[in-house]
Amino acid sequence: MRPVEISPTGKTHAAQLRLERRRRPGRSIGSRAGVCVLDWLRPGRRIGKGTMMRRFPRTLSPYNLLIAGLLVLGLVLTVVFGGRALRNYQRLQLQKNPPGMVDVEAIRGWMTMPYIAQAYDVPEDELFAALGIPSEGNRNVPLRRLAERYGLDPALTRQQIQQAILRLRPATTPWAEP
Amino acid sequence: MSELTETLLTAVLVYGPLALALTLALAALGLPLPATLLVLAAGAFVQQGVLDAGSTALLALGGTMLGDSGGYGLGRLGERWLPGRITSSATWRRAAARFSDWGGWAIVITRFLLTPLGPATSIIAGSSHYAFGRFLAFDLLGELIWIALFGGLGYSFATSWELLSDLASSLSGLLLGIVVLLLGGVLAVRTRRARQARARPQL
C-alpha cells in the first residue's frame with residue numbers, strides 16, 4: 001500500500017492542496033505549474049494517491065499542450081531553418097561569379113546537350129563529338145542517361161564536356177566549388 | 001538534388017513551359033513537387049535564352065492558377081461529404097465567416113511567402129464557400145508576386161540558381177517557424193488573459 005502523508009492540520013497532502021486551491025481561486029497557469037514543481041521538489045514528499053495525478057490534467061490540458069507544442073515546433077523550425085538559411089546565404093556569397101565568366105563546374109547530369117550548348121554558347125555538334133557519340137536520337141537525353149546508354153563513366157563524361165567548353169570558349173574559367 | 005527534381009528539370013528543358021505549367025499545377029494541388037525551385041530554374045533558363053520569357057511566365061501563371069482552382073474545387077466537394085453536424089455547427093460557421101473576412105490576405109501570403117500552406121488554404125477557401133471570383137483575384141495577385149519574385153531571382157542569379165533555391169527553401173521553412181511560434185505565443189497570451197479575467201472577483 002502506498003504511503004499517504006498527513007499534514008499538520010490532520011488532512012492528507014492531496015486534501016490540503018485542494019483546500020488551498022479553493023481558498024485562492026483563479027491562480028494563473030504559471031503559478032499552478034509552479035506549485036506542482038515546488039510540490040514535486042518538496043523534501044520528504046511522498047506521492048500519495050491522487051496528488052499529482054489529479055492535478056496534472058488541469059495544469060496541462062489538451063489546449064495547453066497544443067500551445068506548448070506550437071511553441072516548441074516553432075522554435076525548432078526557426079532554429080533549424082534559420083541556421084540553414086545563414087549557411088546557404090554564405091555559400092551564395094562565396095559562389096558569386098565575376099561578370100562574363102561562366103562556371104563549368106555547374107554542369108549537371110540532368111542537363112541535355114542542346115541546353116549546355118545554349119547556356120555556354122558552344123556548338124552542339126562539338127559537344128557530341130567530344131563524347132564520340134551521334135547527336136541523332138540523343139538531343140533530348142540528359143547527360144547521365146547518355147553515359148548509361150553508351151557505357152561511359154559519368155564523372156569522365158562530365159569532365160570531357162567541361163574540357164570541350166574550355167577549349168571552345170577560352171575566356172571561360174573553371175570556377176571551383178566553395 | 002533528388003532524381004525527381006532532376007527529371008522535372010530535364011522535362012522543362014525538353015518540353016518547355018508546358019512541362020513547367022503542368023508541374024506547377026500538380027504542386028498547387030498539394031503534390032510534393034519542387035515548385036519554387038522550378039520557377040527559379042525557369043528564370044535562369046530564360047536568362048540563358050533557352051526559354052521564352054513571355055510564354056514561360058504566362059503558362060507558369062496559368063498552370064499554378066489551374067492547380068489552385070482545383071484545390072478550391074476539392075474543398076467545395078469535400079465539404080459536401082462532411083457530416084451535416086460538422087458543417088452546420090457554430091464553430092464551422094464562425095470559421096467560415098472569419099475566412100470570409102481575412103481569407104484574401106491568407107490566400108495572397110500563402111501564394112508567395114508561406115507557400116507550404118498554399119494547397120491547404122485553397123481547400124479551406126473552397127470548403128468555407130469563399131466567393132470564387134474573389135479567390136481567383138487574390139490568387140492571381142499572390143501568384144504574380146511569386147512568379148515575378150522567384151523567376152526574377154533565377155534570372156538575376158542565373159549561374160547560382162541552385163544555391164538560391166536552397167536559400168529560398170530554408171527561408172520558407174524559417175518563415176513557417178516564425179509564424180508557428182507567433183501563433184503559439186498569441187494563443188498563450190490569450191489563454192492567460194482569459195484566465196485572469198475569470199479570476200477577477202465579480203462585482
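Here is a walk through a two-chain model, starting with one chain and ending at the place where the chains meet.

Before we set off, keep in mind that this is a predicted model, where local features need pLDDT of at least 70, side-chain atom pairs count only at pLDDT 80 or more, and totals for chains, interfaces and linings use all residues. Residues are numbered from 1 along each chain as its sequence is written, chains are lettered from A and ligands numbered from 1 in the order in which they are written, and side-chain values use heavy atoms, with hydrogens and water left out.

Let's begin with chain B. It has 9 helices and 0 strands (helices, H or I of at least four residues, and strands, E of at least two, are DSSP runs numbered from the N terminus). Its C-alpha atoms fill a box of roughly 75 × 35 × 30 Å along the principal axes. Take helix H4 of chain B, residues 53–81: its end C-alpha atoms are 42 Å apart, which agrees with the 42 Å that its 29 residues should span at 1.5 Å a residue (the expected span is 1.5 Å times one less than the number of residues). Where H4(B) starts, a side-chain oxygen of Asp52(B) comes to within 3.5 Å of the backbone nitrogen of Gly54(B).

Now for the meeting place. Chain B brings 38 residues to the contact and chain A brings 37 (contact means heavy atoms within 4.5 Å). About 3300 Å² is buried between the two chains, and carbon and sulfur atoms give 67% of that (buried area is the accessible area, with a 1.4 Å probe, that two parts lose on being put together, summed over both). Leu163(B), Leu181(B) and Arg195(B) supply 18% of the area that chain B buries against chain A, more than any other three residues.

There are charges here too: the count between the chains is 2 salt bridges (a side-chain nitrogen of Lys or Arg within 4 Å of a carboxyl oxygen of Asp or Glu). Arg145(A) forms a salt bridge with Glu3(B), with the closest N and O atoms 3.8 Å apart. On chain B, helices H1 (3–15) and H9 (161–199) each supply at least two residues of the side that touches chain A, and H9(B) gives the most, with 24 residues.

Conventions: Polar contact = N/O pair within 3.5 Å; in protein donor to acceptor, adjacent residues only side chain to side chain.
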